[in-house]
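I opened my notebook to look through one protein chain. My notes follow, in the order I made them.

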Amino acid sequence: MTTATISYVPTDATKSTADLLLGISNGDPAAWDEILHRYGKAVYSTVRSFRLQEADALDAIQMTWLRLAENADRVQFPERLGGWLATTARHECLYIVRRLKLGPNRTEIVPEIASDPSAGPEQRANDANTTLALRKHVDELSPLRRTLIRMLFTEEPCSYGEISRIAGIPLGGIGPTRARALRQLRDKLDAASTSEQL
């Protein structure tokens, strides 16, 4: 992960942390900018110390900021926000590490394989194999990405508003997280296809 992937733009450094937390609770983007400027590097450094893969590290950073968004009005000691954020970032990283050690979260129910009924048996078998491989790769995604993909790609996909409310992903984070998850899935499918050809 490179520092170029995250930008910290300085804003109004005169406001107290308590004022900034109040601003975050009220949806003030300038308050967010200043919090990111003051504490972004500390969160980034904490997550980086866990040596996660880039995608997992970005998820941990995003979840740390999400936790702040959810709890900005409950922070009891604003002057200790740096420590709160570092602890939250560590917890998110440890959660990801534990999930990686446990392996993918597989469901017991296997939905029916979708295939074109007019296709021949060989095509139906190929479609079924592709669907099973895709499900396997979705199971291997990080918990946040797996949840997002499952909510977006069903017969009745959830709206971004529902996803934000249910999964706790900020509206602005859904698109980038979706893009990273799809890129990761594409890479996995390409790698599997290449290994089959060898």
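I began at Arg51, which sits in the loop between α2 and α3. Its phi is positive, about 55°, although Arg51 is not a glycine. Is Arg51 buried or exposed? I looked up its relative accessibility and got 77%. The cut-off for exposed is over 50%, so Arg51 counts as exposed. I noted too that this is a predicted model.

**Entry: the whole chain**

Next I stepped back. How many helices and strands does the protein chain have? I found 8 helices and 0 strands. Read from the N terminus, the elements run α-α-α-α-α-α-α-α. The protein chain has 198 residues, and 34% of them count as buried.

Then I checked contacts along the protein chain. I took those between residues at least 6 apart in sequence. Of these, 62% join residues at least 24 apart.

**Entry: helix α3**

I turned to α3, which covers residues 54-71. How far apart are its end C-alpha atoms? They are 26 Å apart. The 18 residues of α3 should span 26 Å at 1.5 Å a residue, so the two values agree.

α3 is mostly covered, with 14 of its 18 residues buried. I picked out Thr64, which is found in this helix. Thr64 has 0% relative accessibility, so it counts as buried. What does Thr64 touch, once residues up to four places away in sequence are set aside? I listed Val43, Leu85, Thr88, Ala89 and Glu92.

**Entry: two tryptophans**

I searched for aromatic pairs and the structure holds 1. Trp32 and Trp65 form it, in an edge-to-face arrangement. Their centres are 6.3 Å apart, with 85° between the planes. Why does the pair tie together separate parts of the sequence? Trp32 lies in helix α2 and Trp65 in helix α3, so the pair joins parts that are 33 residues apart.

I compared their cover. Trp65 is buried, at a relative accessible area of 11%. Trp32 is partly exposed, at 21%. The cut-off for buried is under 20%, so Trp32 does not count as buried.

I also noted a charge over a ring. Arg80 lies over the face of Phe77, at 4.4 Å from the ring centre.

**Entry: the nonpolar cores**

Which residues have the most contacts inside the largest nonpolar core? I wrote down Ile35, Val47, Trp65, Leu68, Leu81 and Leu85. This core has 22 residues. The elements that give two or more residues to this core are α1 (17-25), α2 (29-48), α3 and α4 (81-102). α2 gives the most, with 6 residues.

I followed up on Leu81. Leaving out residues up to four places away in sequence, Leu81 touches Thr17, Leu21, Ile35, Tyr39, Leu68 and Val75. Another core lies apart from the largest one. This other core has 10 residues, including Leu144, Leu152, Ile163 and Ile174.

Leu144 and Leu152 are both among the buried residues of α6.

Where does Ser142 lie? I found Ser142 in the loop between α5 (121-139) and α6. Ser142 is buried, with a relative accessible area of 7%. Beyond its neighbours within four places in sequence, Ser142 is in contact with Asp56 and Asp59.

**Entry: a buried glycine**

My last stop was Gly168, in the loop between α7 (160-167) and α8 (171-197). Gly168 is buried, at a relative accessible area of 10%. I set aside residues up to four places away in sequence, and Gly168 touches Leu66, Glu70 and Ile163. How far apart are the C-alpha atoms of Gly168 and Leu66? They are separated by 7.3 Å, while the two residues are 102 residues apart along the chain.

Key:
Residues numbered from 1 in each chain as written. Predicted model: local features only at pLDDT ≥ 70, side-chain atom pairs only at ≥ 80, totals over all residues. Heavy atoms only, no water. Buried < 20%, exposed > 50% of the residue type's maximum accessible area, 1.4 Å probe, protein only. Helix = DSSP H or I, 4+ residues; strand = E, 2+ residues; numbered from the N terminus. Contact = heavy atoms within 4.5 Å. Core = buried A, V, L, I, M, F, W, Y, C linked by side-chain atoms within 4.5 Å. Expected span 1.5 Å × (residues − 1). Phe/Tyr/Trp six-rings, centres within 6.5 Å; stacked < 30°, edge-to-face > 60°. Lys NZ or Arg CZ within 6 Å of the ring centre and 35° of its normal.
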